[in-house]
Amino acid sequence: MSWYFLNTWAGKEEALVKEIHRIIPPYWYKDCFVMYQERIWRRQQRSIVHREQLFPGYVFLTCEDNGRESPLYCYLDKSLDVVKGMADNGFTVFPMRKEDGDFLEKLSGEDHVIRLSYVRKNEDGKVNPVSGPLTKCAGQIERYQFKKRYAMVRCRLWGKDQAMVLGIMLREDREQRLFNQGSAHFKELFFNEKGYGSKL
């Protein structure tokens, strides 16, 4: 799989995705998306799961890797003038390294959302991820911030070191009722060792 990214202004990402879906023939790419991650907010004695963009200002595209330069790359350079109002000084399409795309795909899966990881302390006080994306980041976790419910992960993306903040869930969260922030309602969630989902 070949990955590309485009930069736009923060807040314009989903609008750019819609425009790409409108102007680019669908057989020239596999997916166009914004990458999100889940985080926990504490509000009114409730743990609320919400989504936020992992890379503000970034829109990602993927296409099948056939060993040649993708026609998508050439087409985007010529066609994105129609959406130049969504970026300063026009668009540039950046090809990503295969290892970068593989890493992000491993973390986010097919829906491009990095889920919460459940972490807990062992008897000796050592913190270990039990489930979720952090189990795939062995040796890359720099520190945990339990109060704010995140882990700092040090990785290499786009040829340089990057610090990513990924959401975590603690024992006290899983022992409480979790709520998923929706458009107008909070949907109760259930949790087990394999993950969590909407309560039926």
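Start by selecting phenylalanine 60, which is buried, with a relative accessible area of 0% (buried means under 20%, exposed over 50%, partly exposed in between, using a 1.4 Å probe and protein chains only). You are looking at a predicted model, in which local features need pLDDT of at least 70 and side-chain atom pairs count only at pLDDT 80 or more, while totals for chains, interfaces and linings use all residues. Residues are numbered from 1 along each chain as its sequence is written, and side-chain values use heavy atoms, with hydrogens and water left out.

**Stop 1: the ring beside it.** Rings of Phe, Tyr and Trp (its six-membered ring) pair if their centres lie within 6.5 Å; planes under 30 degrees apart are stacked, over 60 edge-to-face, and the rest tilted.

**Stop 2: the aromatic cluster.** Now select Trp3, Phe5, Phe33, Phe55, Tyr58, Phe60, Phe94 and Trp158, which form one aromatic cluster. The structure holds 13 aromatic pairs. One of them joins phenylalanine 5 and tryptophan 158 edge-to-face, at 5.4 Å centre to centre and 70° between the planes. Phenylalanine 5 sits in strand S1 and tryptophan 158 in the loop between S11 and S12, so the pair ties together parts that are 153 residues apart in sequence. Both phenylalanine 5 and tryptophan 158 are buried.

**Stop 3: the sheet.** Switch to a cartoon view for the strands (helices, H or I, need at least four residues and strands, E, at least two; both are DSSP runs numbered from the N terminus). Which order do the strands of the open sheet of 4 strands follow? The order is S2-S5-S1-S6, with antiparallel pairing; two strands pair if DSSP finds at least two bridges between them. At the edges are S2 (31-33) and S6 (93-95), each pairing on one side only. Neighbouring strands are turned by 25° against each other on average, direction ignored. Zoom in on S1 and S5 (residues 58-63), an antiparallel pair with 6 bridges, where serine 2 stands opposite cysteine 63. Then show helix H1 (residues 13-23), which lies across S1, S2 and S5 and runs at about 30° to S5. Axes here are lines fitted to C-alpha atoms, for helices over the stretch in contact, and angles run from 0 to 180 degrees between N-to-C directions.

**Stop 4: the cores.** A nonpolar core is a set of buried Ala, Val, Leu, Ile, Met, Phe, Trp, Tyr and Cys residues joined through side-chain atoms within 4.5 Å. The largest has 26 residues, and Phe55, Phe60, Leu104 and Met164 touch the most other members. Strands S1, S11 and S12 and helix H3 each give two or more residues to this core, and S11 gives the most, with 4. A second, separate core of 16 residues includes Leu16, Val17, Ile24 and Val34. Beyond neighbours within four places in sequence, the contacts of methionine 164 (heavy atoms within 4.5 Å) include Phe55, Phe103 and Val153.

**Last stop: confidence.** Colour by pLDDT, the predictor's confidence in each residue, from 0 to 100. The chain mean is 78, and 74% of residues reach 70 or more. Confidence is highest in strand S7 (residues 113-114), at 95, and lowest in strand S14 (residues 186-192), at a mean of 40.
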